[in-house]
Amino acid sequence: MTDSPSLQNFLERRQIPIYLAGMLAGLPAGWLLPAPASMEAILNPALALMMFATFLQIPLARLPQALRQGRFLCALLLANFVFVPLLAWLLLPMAPADPHIRFAIALVLLAPCIDYVVVFSHLGKADARLLLAVTPVLLIAQMLALPVLLHYVFGIGVAAALDPEPVVRAFAWIVALPLLAAFLAQSAEKRFRPARAAFQRLALLPVPATALVLFIVIAIALPQAGAALQFAWRIVLVYAIYAALAPLAGWAAARMLALPVQQQRSVAFSAATRNSLVVLPVAVAIPEAGPLVASVIVMQTLVELVSELLYIRWVPRLIRQRQD
């Protein structure tokens, strides 16, 4: 029988090539398979599975403990909800003028990652355990901050015209219910011995589930992306500039709070890594523009995965111990 921790470690360390393989497999599938009647009908179950697997890895019961990490939390919130929105606001004029494209760029850049950033920060010699402990705070903070930030950073436009009913429905089925299920599963794992073995196997889900979502999004969204593909180079340029500057913004916030070196690296990783797949439910809820917005968000994922390969080598060299 395969050792679950070893397989989980293998999946986490190989997640970038696994994700890229899922995206590459989606390209021919998108052109060969017939277009689905409803993007949401196919994508939402996969998203719900991915979200459940993601939330399962977040220590939801550690929220009180995370709140005691005062300076680290302040640096994390400063980086992600002050410096990053400012950077996004400066970059948006470079994007195509299409309001749906700009909405998608703002949406993804304003949402800090809560899942695989922990693995990448570990590979980049950051304090991954502390970053993992505060992920519930980041999750709650972005849920509260996104509507406000989208209004002031992005403006009225699509955000104001967005029909709240499909967004609320998507949030309930793809965020709230998986979050509740993950919390119940974590509680059962602590109280019931038979649940522990099942929990270990569920820990293998995040990487395959994320690869499945990327495959589906590429297969469904890119053939219908339209304007996004016409302006792909401009969209990718915005994401590339963000990827180059965001770690520096996170590092600046961490230095302002005089954090230790490993924690500085964690804040740099957090500022650079976005919650692209978690905000997809909002994207696909936009009537007649879901594939367009989803494809713009997935472009950020592609740029980010390449950037992470650079971060895990570059961030430790940039943010070094004094004795180094």
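**Reading helix packing, a pocket and a ring pair**

Trainee: Which residues in α5 meet which residues in α15?

Mentor: From α5, the residues Ala 75, Leu 78, Ala 79, Phe 83, Val 84, Leu 87 and Leu 91 meet Val 238, Ile 241, Tyr 242, Leu 245, Ala 246, Ala 249, Gly 250, Ala 252, Ala 253, Ala 254 and Met 256 in α15. The residues of this contact divide into 17 nonpolar, one polar and no charged. Please keep in mind that this is a predicted model.

Trainee: How should I read the way two such helices pack?

Mentor: Two packed helices are described by the distance between their axes and by the angle between those axes. Here, the axes of α5 (residues 70–91) and α15 (residues 232–256) come within 9 Å and cross at roughly 145°, and the crossing is right-handed.

Trainee: What volume does the largest pocket have, and which residues lie nearest its centre?

Mentor: The largest pocket has a volume of about 790 Å³, and among the 34 residues that line it, Gln 8, Glu 12, Gln 57, Val 118 and Leu 132 lie nearest its centre. Several helices, including α2 (15–32), α3 (39–56) and α11 (164–191), each supply at least two residues of the lining, while the largest share, five residues, comes from α1. The lining divides into 19 nonpolar, eight polar and seven charged residues.

Trainee: How many aromatic pairs are there, and how is one read?

Mentor: A pair of aromatic rings is described by the distance of the centres and the angle of the planes. The count here comes to two aromatic pairs. In one of them, the rings of Phe 269 and Tyr 311 have centres 6.2 Å apart and planes at 85°, so the pair is edge-to-face. Because Phe 269 lies in α16 (residues 261–272) and Tyr 311 in α18 (residues 290–318), the pair ties together parts that are 42 residues apart in sequence.

Conventions:
Residues are numbered from 1 along each chain as its sequence is written. This is a predicted model: local features need pLDDT of at least 70, side-chain atom pairs count only at pLDDT 80 or more; totals for chains, interfaces and linings use all residues. Side-chain values use heavy atoms; hydrogens and water are left out. Axes are lines fitted to C-alpha atoms, for helices over the stretch in contact, and angles run from 0 to 180 degrees between N-to-C directions. Helices (H or I, at least four residues) and strands (E, at least two) are DSSP runs, numbered from the N terminus. A crossing is left-handed if the near helix is turned anticlockwise from the far one by less than a right angle, and right-handed if clockwise. Contact means heavy atoms within 4.5 Å. Ala, Val, Leu, Ile, Met, Phe, Trp, Tyr, Cys and Pro count as nonpolar, Asp, Glu, Lys and Arg as charged, and the others, Gly among them, as polar. On a 1 Å grid over the protein atoms alone, a cavity is a set of points where a 1.4 Å probe fits but cannot get out, and a pocket is an open set with protein on both sides within 12 Å along at least five of seven lines; lining residues have an atom within 4 Å of a point. Grid points are joined across faces, edges and corners, and a volume is the space filled by probe spheres set on the points. Rings of Phe, Tyr and Trp (its six-membered ring) pair if their centres lie within 6.5 Å; planes under 30 degrees apart count as stacked, over 60 as edge-to-face and the rest as tilted.
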